[in-house]
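Please look over the sequence and the model before reading on.

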Amino acid sequence: FHIQYLSKYGENYKSQIDSIFLEIDSSLSIYKDYSLISKLNKGMDIRTDTLFNTVFMAAQKVFLESEGSFDCSVAPLVNAWGFYQDKLGDSLVVDSLKFRKILPYIGFNKIRLSADSLFLPQGISLDFNSIAQGYTVDLIAQFLESKGDSNYLVEVGGELLAKGRNADRKIWRVGVDKPSEDIDMQARFHFILDLEVKALATS
């Protein structure tokens, strides 16, 4: 993550921002065994929290509006392709039978959230990676606004939000690297954007 902000009194919010990250991880990170979502995916019967509920409802809204194209129950397929291990290897060879067997366990419409109770059918699991980072950006921006600071650039995992001006009193500028493993420092950016009260998903 990369966070810049202008504070009138030069306040350092590192500990508070770290706490926001910790809360998000504890609720929504599929990479933390102790997180709420990890426990739910393992079939544990536990109550959801406000962070989880907010993201669940947002994911459900986009699922419905996209007619199922955006689906946070896709975790079994993501796992089958090998993305969670960051090593695709032989998984790029498509075994259609293997994937057809997984499809019955995909479908956000099969999941129900009532108050703080989640009905997650056996074999179905959730992955909010596509939405949780952007939500984290929103939470950090809301925190900064609550402190009276409205000049900031917040970036988490390539999702970012910019508002106000930087230390040079100019609009925030964001360069997106060219999609290449070999970075040419003289011509590294694919494009540069001026951002003023705008959010951007660089991926």
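Among contacts in the protein between residues at least 6 apart in sequence, 51% join residues at least 24 apart; a contact here means heavy atoms within 4.5 Å. This is a predicted model, in which local features need pLDDT of at least 70 and side-chain atom pairs count only at pLDDT 80 or more, while totals for chains, interfaces and linings use all residues. Residues are numbered from 1 along each chain as its sequence is written, and side-chain values use heavy atoms, with hydrogens and water left out.

**Overall layout**

The protein has six helices and eight strands. Helices (H or I, at least four residues) and strands (E, at least two) are DSSP runs, numbered from the N terminus. Read from the N terminus on, the order of the elements is β-α-α-α-α-α-β-β-α-β-β-β-β-β. The C-alpha trace spans about 55 × 45 × 30 Å along its principal axes. Of the 203 residues, 38% count as buried. Buried means under 20% relative accessible area, exposed means over 50%, and partly exposed lies in between (1.4 Å probe, protein chains only).

**Two helices against helix 6**

Which helix packs with helix 6 at an angle of about 150 degrees? Helix 1 (residues 14-28) does, with the two axes 11 Å apart. Axes are lines fitted to C-alpha atoms, for helices over the stretch in contact, and angles run from 0 to 180 degrees between N-to-C directions. Helix 1 and helix 6 are therefore roughly antiparallel to each other. Angles under 35 degrees count as roughly parallel, over 145 as roughly antiparallel, 65 to 115 as roughly perpendicular, and the rest as oblique. Helix 1 passes helix 6 in a right-handed crossing. A crossing is right-handed if the near helix is turned clockwise from the far one by less than a right angle, and left-handed if anticlockwise.

On the side of helix 1, the contact is made by Gln16, Ile17, Ile20, Phe21, Ile24 and Leu28. On the side of helix 6, Ala132, Tyr135, Thr136, Leu139, Ile140 and Phe143 take part. By class, this contact of helix 1 with helix 6 has 10 nonpolar, two polar and no charged residues. Ala, Val, Leu, Ile, Met, Phe, Trp, Tyr, Cys and Pro count as nonpolar, Asp, Glu, Lys and Arg as charged, and the others, Gly among them, as polar.

Helix 3 (residues 50-65) packs with helix 6 (residues 129-146) at an angle of about 120 degrees, and their axes are 11 Å apart. That angle makes helix 3 oblique to helix 6. The crossing of helix 3 with helix 6 is right-handed. Leu51, Thr54, Val55, Ala58 and Ala59 of helix 3 meet Ile131, Tyr135 and Leu139 of helix 6. The contact of helix 3 with helix 6 has seven nonpolar, one polar and no charged residues.

**Exposed residues**

Glutamate 65 lies in helix 3. Its side chain makes a polar contact with the side chain of lysine 61 (2.7 Å). A polar contact is a pair of N or O atoms within 3.5 Å; within protein, one must be able to donate a hydrogen and the other to accept it, and residues adjacent in sequence count only if both atoms are side-chain atoms.

Most residues other than glycine have a negative phi. Glutamate 67, in the loop between helix 3 and helix 4 (75-81), has a positive phi of about 55 degrees although it is not a glycine. Alanine 115 also has a positive phi of about 55 degrees and is not a glycine; this residue lies in the loop between strand 2 (112-114) and strand 3.

| Residue | Relative accessibility | Class |
|---|---|---|
| Glutamate 65 | 57% | exposed |
| Glutamate 67 | 76% | exposed |
| Alanine 115 | 63% | exposed |

A polar atom of its side chain lies 2.6 Å from the backbone oxygen of serine 29. Not counting residues up to four places away in sequence, serine 35 touches Asp25, Ser26, Ser27 and Ser29.

Serine 125 lies in the loop between strand 3 (117-119) and helix 6. Serine 125 counts as buried because its relative accessibility is 15%. Leaving aside neighbours within four places in sequence, serine 125 is in contact with Asn41, Cys72, Ser73, Ala75, Pro76 and Leu120.

Tryptophan 81 lies in helix 4 and is partly exposed, with a relative accessible area of 25%. Its C-alpha atom is separated by 9.2 Å from that of phenylalanine 99, 18 residues apart along the chain.
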